[in-house]
Amino acid sequence: MIYIFPSIDTPACATSIKKLDTIASVQKEIAILCISADLPFAQARFIKEEKISKLKFLSSYQSSKFGIDNGVLISEGPLKGLLTRSIILLDSENNILHSQLVTDITEEPDYDSLIDKLEF
């Protein structure tokens, strides 16, 4: 699974990461990659403070290429340069099983739809 989000220092992002860490604890066969524009030291701080143990983090802070290539870069407004909230569930052969681009950046992803796809 790939979880793309603006910043760990926003309430919706922090809550989502905690919920996904819980999902990964239950669904042992799943790997979750979290991508944001946060600096790696900020990600490390959050992981330590919140005791996140099942997720892997990457940062897009050095380049906007990932956001542009995947259509998730916020290109205007106060969040320009950050990534919009989205989630992609892939199978072991990288086929997309579920994806969601959250329409309102302050909202969390639809966990119920995601969990339904995990229980295929």
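## A first look

Leu 55 touches Ile 17, Leu 20, Asp 21, Ala 24, Ile 32 and Cys 34, leaving aside residues up to four places away in sequence. Keep in mind that this is a predicted model.

**The largest nonpolar core**

- The largest nonpolar core has 23 residues, and those touching the most other members are Met 1, Phe 5, Ile 17, Leu 20, Ile 32, Leu 55 and Phe 57.
- At least two residues of this core come from each of α1, β2 (32-36), α2 (40-50), β3 (55-59), β4 (86-90) and α4.
- Helix α1 gives the largest share of the core, with six residues.
- Leu 55, one of the residues touching the most other core members, has Ile 17, Leu 20 and Ile 32 among the residues it touches.

**How α1 packs with α4**

- Two packed helices are described by the angle between their axes and the distance between the axes.
- For helix α1 (residues 11-26) and helix α4 (residues 111-118), the angle is about 20° and the axes are 12 Å apart.
- Angles under 35 degrees count as roughly parallel, so α1 is roughly parallel to α4.
- The crossing of α1 past α4 is right-handed.
- On the α1 side, the contact is made by Thr 15, Ser 16, Lys 19, Leu 20 and Ile 23, while α4 brings Tyr 111, Leu 114, Ile 115 and Leu 118.

**Gln 43, a buried residue**

- Gln 43 sits in helix α2.
- Its relative accessibility is 4%, and because buried means under 20%, Gln 43 counts as buried.
- Leaving aside residues up to four places away in sequence, Gln 43 touches Ile 8, Ser 36, Asp 38, Phe 57, Leu 58 and Ser 59.

**Lys 56, an exposed residue**

- Lys 56 is found in strand β3.
- With a relative accessible area of 59%, Lys 56 is exposed.
- Lys 56 touches Ile 32, Leu 33 and Cys 34, again not counting residues up to four places away in sequence.
- Pro 40 lies 16 residues from Lys 56 along the chain, and the C-alpha atoms of the two are separated by 11 Å.

Definitions and conventions. Residues are numbered from 1 along each chain as its sequence is written. This is a predicted model: local features need pLDDT of at least 70, side-chain atom pairs count only at pLDDT 80 or more; totals for chains, interfaces and linings use all residues. Side-chain values use heavy atoms; hydrogens and water are left out. Axes are lines fitted to C-alpha atoms, for helices over the stretch in contact, and angles run from 0 to 180 degrees between N-to-C directions. Helices (H or I, at least four residues) and strands (E, at least two) are DSSP runs, numbered from the N terminus. Angles under 35 degrees count as roughly parallel, over 145 as roughly antiparallel, 65 to 115 as roughly perpendicular and the rest as oblique. A crossing is left-handed if the near helix is turned anticlockwise from the far one by less than a right angle, and right-handed if clockwise. Contact means heavy atoms within 4.5 Å. A nonpolar core is a set of buried Ala, Val, Leu, Ile, Met, Phe, Trp, Tyr and Cys residues joined through side-chain atoms within 4.5 Å. Buried means under 20% relative accessible area, exposed over 50%, partly exposed in between (1.4 Å probe, protein chains only).
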